[in-house]
Amino acid sequence: MSYLFGKVVVITGATGNLGSAVTRVFAAESAQLALVDLDQERLDQAVASLTGVQATGFKADLSTPESIDGLIEAITARFGQIDILVHTVGGYAAGEPVHEAGVEVLDKMYNLNVRPLYLIGAAVARHMVARSVQGRLIFVLAKAGLKGSKNHAAYTASKAAAIRIMESMAAELREFEIKVNGISPSTLDTPANRKAMPDADPSKWVTPEQIANGILFLAQANTGVYGTNLEVYGKGG
């Protein structure tokens, strides 16, 4: 029997390209799924598409502590506890050179890539510690967080901050046997990225399914893996 059989898995951004792939992978392992997104109609469609698995959609805004606290309460009321968090929410915006840009793009990137991760990670960690759940927190990060690049200061800074939060939480929660890890894709092969970069070669990109399988590995790993950043770059490196 799979380690994940019956485990309660919270997937944020569950109706997106990556979130949908993660949902399919965990459904195949017979996990119980709490699917979180902002779009109730798409959540309903996602739940309806699943057969032979317990899944419930939860509409939630991950930008405020109050909303997240309500989300945790709702999930706990439905499933009893949370065993695994997979946080896929994030966003991208190119910018200008720092000396020419305003602060708006910085605020946007931190509000998308840092604040939700920090808040949902903290809330689920509190839940696990309070109930002695030896769970897993898995955050989708990005290769871009490893190094700055021209006209991407706000984006790369936000992704670097997300990595540092993951690493810090891994050190903080290790004593509770809660494994905190991340996974960093390079460019993800999605319709939006293909449209935005029509001259690129998508065969060198990483697919949502490849990232989902990497997340599955981190969720199942019973070895002492804490604070790793699994790099999945595809053929493009």
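Modeller: A salt bridge is counted here when a side-chain nitrogen of Lys or Arg lies within 4 Å of a carboxyl oxygen of Asp or Glu. The model is a predicted one, in which local features need pLDDT of at least 70 and side-chain atom pairs count only at pLDDT 80 or more, while totals for chains, interfaces and linings use all residues. Residues are numbered from 1 along each chain as its sequence is written, and side-chain values use heavy atoms, with hydrogens and water left out. On that basis, the structure holds three salt bridges.

Arg164 and Glu167 meet through their side chains in a salt bridge with an N to O distance of 2.7 Å. Both residues belong to helix α6 (153-173), where three residues, about one turn of the helix, separate Arg164 from Glu167. Helices here are DSSP runs of H or I with at least four residues, strands are runs of E with at least two, and both are numbered from the N terminus. As for solvent, buried means under 20% relative accessible area, exposed over 50%, and partly exposed in between, with a 1.4 Å probe and protein chains only. Arg164 is partly exposed because its relative accessible area is 43%. Glu167 is also classed as partly exposed, because its relative accessibility is 33%.

The side chains of Glu209 and Arg24 form a salt bridge at 3.1 Å, N to O. Glu209 counts as partly exposed because its relative accessibility is 39%. Arg24 has a relative accessibility of 46%, so Arg24 is partly exposed as well.

Helix α1 also holds Thr23. With a relative accessible area of 5%, Thr23 is buried, whereas Arg24 is partly exposed at 46%. Thr23 and Val53 are 30 residues apart in sequence, and their C-alpha atoms are 11 Å apart in space.

The remaining pair is Arg126 with Asp69, whose closest N and O atoms are 3.9 Å apart in a salt bridge. This bridge, too, links distant parts of the chain: Arg126 is in helix α5, Asp69 is in helix α3 (residues 65-79), and the two are 57 residues apart. Arg126 is exposed, because its relative accessible area is 51%. Asp69, by contrast, has a relative accessible area of 36% and is therefore partly exposed.

Most residues other than glycine have a negative phi. Ser30 is not a glycine, yet its phi is positive, near 60°.

Because its relative accessible area is 42%, Glu177 is partly exposed.

Leu50 is found in the loop between α2 (40-48) and β3 (55-59), and a relative accessible area of 17% is why Leu50 counts as buried. The C-alpha atom of Leu50 is separated by 34 Å from that of Tyr155, and the two residues are 105 residues apart along the chain. Val103 occupies the loop between β4 (84-87) and α4 (104-113). Val103 is partly exposed, because its relative accessibility is 45%.
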